[in-house]
Amino acid sequence: MAEEELDKDPSAMARLIYSYRHVVNGFAARLTDEEVRAMESRDWFVKAIPEKTYRLMTTHTPQMLGLTGKAFHGGLWGKSNMGEGIIIGVLDDGIRPGHPSFDATGMKPPPAKWKGRCDFNSSVCNNKLIGARSFYESAKWKWQGIDDPVLPVSEGSHGTHTSSTAAGAFVPGANVMGNGLGTASGMAPRAHIALYQVCFEDKGCDRDDILAALDDAVEEGVDVLSLSLGDDEAGDFAYDPIALGGYTAIMKGVFVSAAGGNMGPQHATVANEAPWLLTVAAATTDRRFVVSVKLGNGVELDGESLFQPKDFLSMQRPLVRDLSDGTCSDEKVLTPQNVGGKIVVCDAGGNFTALEMGAALREAGAAGMVVINIQEFGSVIQPKAHALPASQVPYSVGQKIRAYMNSTDDATGELIFKGTVLGNRDSPVVAAFSSRGPSKQNQGILKPDITGPGVNIIAGVPRPAGLMTPPNPLAANFDILSGTSMATPHLSGIAAVIKKAHPTWSPAAIKSALITTADTTDHRRKPIAAHDGYPANLLTLGAGFVNPMKALRPGLVYNLSAADYVPYLCGLRYSDHEINSIIHPLPPVSCAQMPPVAQKDLNYPSITAFLDQAPYVVTVSREVTNVGRARSVYVAQVEVPSLLSVTVTPDTLRFTKVNEAKRFTVTIRPAGARKEKGIAEGQLKWVSHKNVVRTPILVSYRKFVQDNSSTAHMTH
């Protein structure tokens, strides 16, 4: 009705931006406050949502994640043909046409279902990059009779990087400033890419553009959606374009992976919280670009840098402080007299970036630089291609350097360049920037869901950052970036290869497979740590670090259909109008006509319970579906702190066929006593001869004080 009224007014049509068909039943237009108030009296009006701007939140990771496997055929790629025929839709800030990561050599044409288009010319559009469109209010051009589309080109790195991470082609010899030399590829190197440009340098990522892109992507036939963008204050699902579009996508069988955000380490900052989305956190890989600092007392401390000069003479040189505020940001004191021929120690966090510090010091004749990271970043370093020899060190390492300098009047240091070093046994470590839970919109659902590689990821870019000239042609096409934006396309690509291997699995089944098989220990078999060195809790890590090979054969999955979320939304007390806007185009529903489902009882692959009211007992219901061996037996094993008691009923599940479903309950209560507030973590494992299906358990409780008045120990 609204669009019919607009048709009668040509001037109004010029203000129509988008008409949505799938994600929501509505339109986007430029309207005055008076016009919105006038609309509210119409019988077709449901709600008006103001415009809102969202933000954008490899050569080694396929091997690290086990995708390649022994002799290739033992890995996930060999069992899924590298995602051949799967279409990954990427919503981002544009793409670099003609990049080697989007070469189509050996690629088959997209499946017949594909209805999208690629607005570049035929020399760029191919069987790899099958879709490329810009949503710079693209409908505006149509109504104005302009046929030429806006091309989704971006000189920024984000969209090219995320697209090539998800499904980039094999590029032998890829490297970053000569480091990390190897064959680059995406997680699903034979999958197709459809790029939807929704983020722009001049206006960010607008809600109406995101909705329009999701609307079209679902209609055009994508299988997986990768969204490295979001808003940590997006609000209710009924007003969030990613939640709205994501729901329509999963209803059509499309898997949706979304960035958890980069607002950590503060709690309750996680974005993209809707339970039908896979919400991704970011951690390190086992690769470092090492530059050691050898002090005059013989102690050698490791840092990192992307600038690894081959002709640098490693020798002891004077080691000095910046004479201003320590941040090497005052060029008045960065003079040849003060820093010439010396290695200067600088604190990060001043008016200059690390790259700008290096440029100023090189101009003043410094021999090298040591940058001490800010304390909040912990052990995680994001190295840069500096203008002079340098080492970026963690804050804790920086304090050792300072202590040495304070101990002598003649401090010296030496920079030793060790290049790319693999096998860091401390990895993965969750990055400080990775947003933490709990979810603000649904605290009864654990978010983030899972963690993937998101620190110092090598992938395609239009041109690398930094001030140095790339040492070889391919170095001009690759760079490292960090963020949950980088972790998300890893999960998107992994989901694509799993979907190829299991084409009948629902998005919820794929999500469950990823969550219940995630790793909780690092390469030392110790609990995965957060940036501060302490074990990462569930609100930081989610279920764990992705393990693609285990996810291929999870044994059991927690399944959900799109319709299963409706009573859950009723339980969150959304109005019928709001729910119907979320679940469009499903038939309208009325919460009064259906029993609500509590958050704890949504058939999710993690369990969150609140023991905050007498009698301090919670029973959670779940159902698992057998996707492993037809005849199999699973026995429950529970690991929780001693202050909790958990009972699983039944404690044994016997399956006789594939796709058979079994229900069980989990009852959680205190192991004794009185009350104070706290959080405890544990896990339920369904164990068979072949599989371990792990379900994280998060309990928010009034801390139970034992009768002897001693306080039970809580996990960090």
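**View 1. Aromatic pairs in the predicted model, with Tyr136 and Phe200 as the example.** In this predicted model, the count of aromatic pairs comes to 11. Tyr136 and Phe200 make an edge-to-face pair, with 4.8 Å from centre to centre and 85 degrees between the planes. Tyr136 sits in the loop between β5 and α6, while Phe200 belongs to strand β9, so the pair ties together parts that are 64 residues apart in sequence. Tyr136 is partly exposed, at 23% relative accessibility, and Phe200 is buried, at 11%.

**View 2. The pair formed by Tyr247 and Trp276.** Here the ring centres of Tyr247 and Trp276 are 5.2 Å apart and the planes meet at 85 degrees, so this pair is edge-to-face. Tyr247 comes from helix α9 and Trp276 from the loop between β13 and β14, so the pair links parts 29 residues apart in sequence. Tyr247 is buried, with 0% relative accessibility; Trp276 is buried too, at 4%.

View 3. Helix α15 and strands β34 and β35 each supply at least two lining residues, with β34 giving the most, at four. Sorted by class, the lining holds 12 nonpolar, nine polar and eight charged residues.

**View 4. The chain around these close-ups.** For orientation, the protein chain has 18 helices and 35 strands. Of its 716 residues, 58% are buried.

Conventions
Residues numbered from 1 in each chain as written. Predicted model: local features only at pLDDT ≥ 70, side-chain atom pairs only at ≥ 80, totals over all residues. Heavy atoms only, no water. Nonpolar A, V, L, I, M, F, W, Y, C, P; charged D, E, K, R; others polar. Buried < 20%, exposed > 50% of the residue type's maximum accessible area, 1.4 Å probe, protein only. Phe/Tyr/Trp six-rings, centres within 6.5 Å; stacked < 30°, edge-to-face > 60°.
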